[in-house]
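Thanks for making time this morning.

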Amino acid sequence: MTVSLAIIGAGSRGASYARLAAAEGTATVTAVADPNPARRRALADEFAIPEQHVFADWRELTARPRLADAVVIATPDRLHTEPAIACANLGYALLLEKPMAPTEKEARRIVDAAERNDVLLAVCHVLRYTPYSVKLKELLDAGRIGSIVSIEHLEPVGWWHQAHSYVRGQWAVESESSSMLLAKSCHDIDWLTHVVDRPVEQVSSFGGLMHFRPENKPAGASDRCVTCPVERACAYSAVRIYERFLGDPVHEKWPLGVLTDDVSPTGLRKALADGKYGACVYAGRNDVVDHQVVNLQFEGGATASFTMTAFTALDFRKTRIFGTVGSIEGDGQKITLHDFLTDTLETYDLSADGGASAADGHGGADTELIRAFIAAVSTGDRSLVTSGPHESLQSHLVVWAAEQARHDKTVVRLAG
């Protein structure tokens, strides 16, 4: 069965999922809704979508009888709830970009709509689906390191990625999108709950915005990188960051495609001169954290510490898992298992296809998610989707508890 897809939100994520689904040969893109005329026209032309199925607003799409088997909802974070509910009411299977919604109330409304209409809801927690994660979970579930005692997990966001997305970009201001932990690291909290497979009982968290602040602006710096006299000495220079991606077909889609439709040197220079991505990172518009730690205690006593930091290369997550009879170290591509009984090491090479960024499909994770979702829609086997409504809601609840703990400087206990 070939699955038909409607795309609500034709930005970088929506377009990426559309392309991956079509590339697999198991899905066709039959409708699109996006308020940006250039984006929706580009997607419509790329997939030869009939003009009567091209919409400026998702409400126009949902005013029609169901136009596809499934819908990808890749609107901005705060605009997920209403289209998700409307599509569930029409019987669409839902592939919902993370985070589900900015608040618990809205997330529960989405889950309720999916359950009420008995439709598949998959949240885009792509980390669960990689061969690396599948193998790691297989080793843990087989008891190869005994019972999990503690975990150290690092998300290296990347210095330029932080500047692009969370200082200059769409997720820079919490009131306009969501907290950093929800926007970026709900992936990691979800992954940890998936790996441990026990409820989180208590959470604490610390972090803040340390570096990207007006008081750290270099002496003599101007408000725009293209006119800044000290730009060449700044690691966060937009000119330095973006010019290196010119001519790279992967990175011309992301991040350059976010800045401008004209990815020539002239087009980029204009975008940096006129748009927000050319602004100084010390201008003070942003307020989300640039570093955070979260400590989790699971039912049964196991603990996990999670660190998110901007001040790294953009790379795969790094994890160390300590068990009663062994330990595991993983870097997103290789897993090394230490067996205490034999005092031997086993290494599993699960090298990803491409790098860790969105430009590379998160190292193949996006492809694996699409494969699982399309297969679940095609066969009706919802067990193929591990990031369903309840799993995703539970990990979101942990994120919101961590943010409460950070703001209130306390330990938050989650309801059993």
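This is a predicted model: local features need pLDDT of at least 70, side-chain atom pairs count only at pLDDT 80 or more; totals for chains, interfaces and linings use all residues.

Let me begin with the crossing of α9 and α15, which is right-handed, where right-handed means that the near helix is turned clockwise from the far one by less than a right angle, and left-handed that it is turned anticlockwise. Residues are numbered from 1 along each chain as its sequence is written, and side-chain values use heavy atoms, with hydrogens and water left out.

The axes of α9 and α15 come within 9 Å and cross at roughly 115 degrees; axes are lines fitted to C-alpha atoms, for helices over the stretch in contact, with angles from 0 to 180 degrees between N-to-C directions. Helices (H or I, at least four residues) and strands (E, at least two) are DSSP runs, numbered from the N terminus. On the α9 side the contact, meaning heavy atoms within 4.5 Å, involves Cys186, Ile189, Asp190 and Thr193, and on the α15 side Glu391, Ser392, Ser395, Val398 and Val399.

Turning to the sheet, nine strands form an open arrangement with mixed pairing, in the order β14-β13-β12-β11-β7-β10-β9-β8-β15, where two strands pair if DSSP finds at least two bridges between them. The edge strands, β14 (344–349) and β15 (412–413), each pair on one side only. Helix α15, residues 389–408, packs on this sheet and touches β8, β9 and β15.
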